[in-house]
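Please look through the structure below with the sequence at hand.

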Amino acid sequence: MYAPAGVKTSKDFPIPDNMKAWVLGDPGELKLIDKAVPVPKKAEVLVRIDAVAICATDLEIIYHGPPAMIQGGMPHNKNFTPGHEYMGTVVALGPGVDEYKIGQRITVEIHAGCGQCKRCREGMYTSCHNYGLNYGEVDKGHRANGFTTDGGFCEYQVNHINTLVAIPDDMSDEEATLVVTAGTAMYGLTELGGLVAGESVVVTGPGPIGLLGVAVAKAMGAQPVILTGTRDNRLQIGKELGADHVVNIRKVNDVVQAVKDLNGGKGVDYVVECSAAPSAMNEAIKMVNRGGKVCLAAFPHGEAPVDIAHIVRNNIYIYGIRGEGKTATHRAEAFMKQKRFDATKIHTHTFPLEDLPTAIRYAKDRVEDAIKVVVKMKPGAAQKIAAE
Ligand SMILES: [Zn+2]
Ligand SMILES: [Zn+2]
């Protein structure tokens, strides 16, 4: 039985020595294997994973590799377990941990920076200068679960306490997996200027981050919030999450003009770009008013042409964000705890962990209009482990 030295466990949450874990083989290939349950070190806990959402970035990692970086290189055939949008229950405490209790439900944010570089010291741990340096003699302690260290497509994972977010009892497992997505949207709005009460926002692209970007902007008091996209069913969900107006870009001649028409003929104060369309940047800089700000939260695969002269002449600010820095996940959870918006509107499908390949196919091919697909441990799986 699992009883590492210095680690606190409880008989109420017995932990096996080995667990089921999906690992990445060649590009696109996932294998279910047995792995040792990891051991939390100082300032870490062991999380029993109860649910994991699949993200577009997981698909990038599984099929292409980046932005995952394992042992300084591509993540394939390294016994690496992807998956980063997970939640669960704390079941063991590393040495000295008293911030969380065994049995407490939590969700996690992805990045625990090294804690010692310039950006980590500024709270920008998703831009850690020691990204991926967590192995061998270059070990700086950086962790980004599912990116540079093992992630959540398995039964147990260790997490630094800085990456844990306590959740209330009435938040479902599925909803809790969405906190980090809302946290990414929150971080984008933080970087754009924080409080946006009464200011105008356009979100381009109704994917998970875009839809929750609408919800977070509205909860922050933005007015109007305009969502652009190509799929009416997703735009409708955007409305339910707080968009004052939606624009189907296939149904208008000029999306920039359509946005301006909805805002009294003027550009908006902020654009959060979540579409990754190659034309998105040039449209975004023309949707904002002079002195406005654009946050880029999605990236096209190739390079995109940019009208730099327009940016300069109009004093437009451009921000790129990576992930969910500055404890934005905690602030997003605060909104969700207050039920300021219902993030579960973007959750469409749930599969058991054993069916991860099916779940990934639903997410990748958008089967049955899938948006957020979640894999869950089988109900009763924990009890079964306890009986063995
Ligand atoms: Zn993600
Ligand atoms: Zn760092």
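V202 stands opposite I226 in β11. The model is a predicted one, in which local features need pLDDT of at least 70, side-chain atom pairs count only at pLDDT 80 or more, and totals for chains, interfaces and linings use all residues. Residues are numbered from 1 along each chain as its sequence is written, while chains are lettered from A and ligands numbered from 1 in the order in which they are written.

Helices (H or I, at least four residues) and strands (E, at least two) are DSSP runs numbered from the N terminus, and two strands pair if DSSP finds at least two bridges between them. The bridge partner of V203 in β11 is L227. Between the two strands the chain passes through α5, and this β-α-β crossover from β10 to β11 is right-handed. That term means that, with the strands pointing away from the viewer, the path from the first strand over the helix to the second runs clockwise.

β10 is also joined to β13, again by four bridges and in parallel. Here V201 stands opposite Y270. How do the side chains of β10 point? V201 and V203 point one way, V202 and T204 point the other way, and all are buried. A residue is buried if 20 or more other C-beta atoms lie within 10 Å of its own, exposed if 12 or fewer, and partly exposed in between, with C-beta atoms placed from the backbone. In a regular strand the side chains alternate between the two faces of the sheet.

These strands are part of an open sheet of six, in the order β12-β11-β10-β13-β14-β15, with parallel pairing. Its edge strands, β12 (245–248) and β15 (317–320), each pair on one side only. Neighbouring strands are turned by 15° against each other on average, direction ignored. Axes are lines fitted to C-alpha atoms, for helices over the stretch in contact, and angles run from 0 to 180 degrees between N-to-C directions.

Helix α4 (residues 179–192) lies across β13 (268–273), β14 (288–296) and β15, at about 145° to β14. Helix α5 (residues 208–219) packs on the sheet and touches β10, β11 and β13, its direction making about 165° with that of β10. Two residues are in contact if their C-beta atoms, placed from the backbone, lie within 7 Å.

Which residues have the most contacts inside the largest nonpolar core? They are A182, V201, A215, V216 and A217, in a core of 111 residues. Such a core is a set of buried Ala, Val, Leu, Ile, Met, Phe, Trp, Tyr and Cys residues joined through C-beta atoms within 7 Å. The core lies between domain 1 (18–110 + 145–166 + 342–376) and domain 2 (181–320), because both give residues to it. Beyond four places in sequence, V201 touches V196, A217, A222, V225, V268, D269, Y270 and V272. A second, separate core has seven residues, including C114, M124, Y125 and Y131.

The domain bounds come from an automatic or database domain assignment. The C-alpha centres of domain 1 and domain 2 lie 29 Å apart, and nine residues of domain 1 are in contact with 12 residues of domain 2.

Another parallel pair is formed by strand β16 (residues 347–352) and strand β17 (residues 372–376), over five bridges. In this pair F351 stands opposite V375. With helix α11 (residues 356–365), β16 and β17 make a right-handed β-α-β unit.

Some loop residues remain. L133 is found between α2 (118–121) and β7 (143–144), and is partly exposed because 18 other C-beta atoms lie within 10 Å. Leaving aside neighbours within four places in sequence, L133 is in contact with V138, D139, K140 and H142. The loop between α5 and β11 holds P224, whose peptide bond from Q223 is cis, with omega near -10°. A cis peptide bond also joins P66 and P67, with omega about 5°. K339, in the loop between α10 (328–337) and β16, has a positive phi of about 55° although it is not a glycine. K339 counts as exposed, with 10 C-beta neighbours inside 10 Å.
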